Amino acid sequence: MSETLAQGVEREQLLVVAPFGNDGKVLSRVLSSLPCDIEVWNREVDDPVTMVAWADVLLLTAEGLHHDAFKLFVARLSEEPSWSNPPVVIIGEDRHTAEVASRRLRQARPALPVIILLRPCVEIEIRSAVSAALESRRAQKLVRDELGRREAAEDRANFLYRELSHRVQNMFAIIKVIAIRTEAESQDSKQFRDAFGSRIEGLSAVYAALRAKDGTYADVRAVIDGAVGAILADRSDKARLQLSGPELYIGSDVASSLGLVLHELASNARKYGALSVESGRVDIRWHDEGEHAMLFWQEIDGPAVPPPQREGFGTRVIKQSMNSFAKGSTDYRLDPSGVVCTIRFPLRDL
């Protein structure tokens, strides 16, 4: 078998079936200028199965019409994919025998291109016939490639549809929980509208980060920018954020949960913590730990925050969201220097 076959290079493969005599050598010489790989099968070859399966174009001499390679090729045709009709060139001794072989081939594959030449024929006739067969095969491969692209596009569309359906269901579940819990902790309708609107705005910012990456994953930095940025009033506020970390990607569920946690952290920092005073700042850094990542939120130079008398919905979101929705975890504590939160979450493998 040729080196090209062994390496799997995409190139038309011509199998010459010449069981006897010097036909194989002569045809190899005649066809050597054509852009294809040529293999000659003769009676000394023990296993023709692999060679017949390999062939893009079959060239049958008169003796080859009565040999095993022809039978194997006919059997192969019934198993070919829809795009494939491997052309056949027959060099026969008489038209009747050649046409009988052609009919047998087309019974197995009605659209099969078959070219019949009768001896004696000149070299240019043989080269032209095989060249036309090779061109036909190239055109079939273009159809194969286009079908492959369409199938890949359909698979991608179906995947995105399933991902979108899952994400929408998850989003509605999150919004429902946010609405119920926000209402429970609100004193009046205005407080509810403000708190609920802020949380939905943060969630919307996270979905903007997802849309930037086809809706199935998001960059961690973009999630941070969206979730925290929705809380900050102006550029001077944003300047008090110190972000550092590599480019990492997370799935949609993780992005939603991480965005909610960061939004609550930023909201609390804006109301009571480091971002509530001009001297305060927030250090956000993250790093890759293989299948997971670690993100650290640390408030610096903010006012002392006393432990709350009761745990509100925002605090529960911070502590529980990563575990409930994203198979991650959160360690949240109030240090004398400010809030410190460590978040662990799974990464998306691209």
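Reader: Which residues touch the most other members of the largest nonpolar core?

Author: Happy to start there, keeping in mind that this is a predicted model. The largest nonpolar core has 36 residues. Those that touch the most other members are Ile250, Leu262, Leu265, Leu295, Trp297, Ile343 and Phe345.

Reader: Which element supplies the largest share of this core?

Author: Several elements each supply at least two residues of the core, among them β9 (281-288), β10 (292-300) and β12 (338-346). The largest share, eight residues, comes from α10.

Reader: What does Leu295 touch, leaving aside residues up to four places away in sequence?

Author: Leu295 belongs to the group with the most contacts to other core members. Its partners include Val220, Ile224 and Leu262. Also on the list are Ile284, Arg285, Trp286, Cys341, Thr342, Ile343 and Phe345.

Reader: How many residues are in the second, separate core?

Author: Leu15, Val52, Leu60 and Leu112 are included in that second core. Its size is 21 residues.

Reader: Where do the buried residues of helix α4 fall, seen down its axis?

Author: In α4 (residues 68-77), the buried residues are Ala69, Phe70, Phe73, Val74, Arg76 and Leu77. Viewed down the axis, they fall within an arc of 160°, so they line one face of the helix.

Reader: And what arc do the buried residues of helix α2 cover?

Author: Helix α2 spans residues 23-31, and its buried residues are Gly24, Leu27, Val30 and Leu31. They sit on the same side of α2, because the arc they cover around the axis is only 130°.

Reader: Is Ile124 buried or exposed?

Author: Ile124 lies in helix α6, and its C-alpha atom is separated by 9.5 Å from that of Leu31, 93 residues apart along the chain. The relative accessible area of Ile124 is 54%, and the cut-off for exposed is over 50%. Ile124 is therefore exposed.

Reader: Which residues make the nonpolar surface patch of about 270 Å²?

Author: One of them is Phe172, found in helix α6 (residues 123-185). With 54% relative accessibility, Phe172 counts as exposed. The patch is made by Leu164, Val168 and Phe172.

Reader: To finish, what percentage of the protein chain's residues are buried?

Author: The chain's secondary structure comes to 11 helices and 12 strands. Its accessible surface is about 18200 Å², with 51% belonging to carbon and sulfur atoms. Of the 350 residues in the chain, the buried ones make up 44%.

Notes
Residues are numbered from 1 along each chain as its sequence is written. This is a predicted model: local features need pLDDT of at least 70, side-chain atom pairs count only at pLDDT 80 or more; totals for chains, interfaces and linings use all residues. Side-chain values use heavy atoms; hydrogens and water are left out. A nonpolar core is a set of buried Ala, Val, Leu, Ile, Met, Phe, Trp, Tyr and Cys residues joined through side-chain atoms within 4.5 Å. Buried means under 20% relative accessible area, exposed over 50%, partly exposed in between (1.4 Å probe, protein chains only). Helices (H or I, at least four residues) and strands (E, at least two) are DSSP runs, numbered from the N terminus. Contact means heavy atoms within 4.5 Å. The arc is that of the directions from the helix axis to the C-beta atoms. Patches are made of residues with over 30% relative accessible area and no salt bridge: like charges are joined within 9 Å, nonpolar side chains (Val, Leu, Ile, Met, Phe, Trp, Tyr) within 5 Å. Accessible areas come from the Shrake-Rupley method with a 1.4 Å probe; for residues, only the protein chains shown count as cover. A salt bridge is a side-chain nitrogen of Lys or Arg within 4 Å of a carboxyl oxygen of Asp or Glu.
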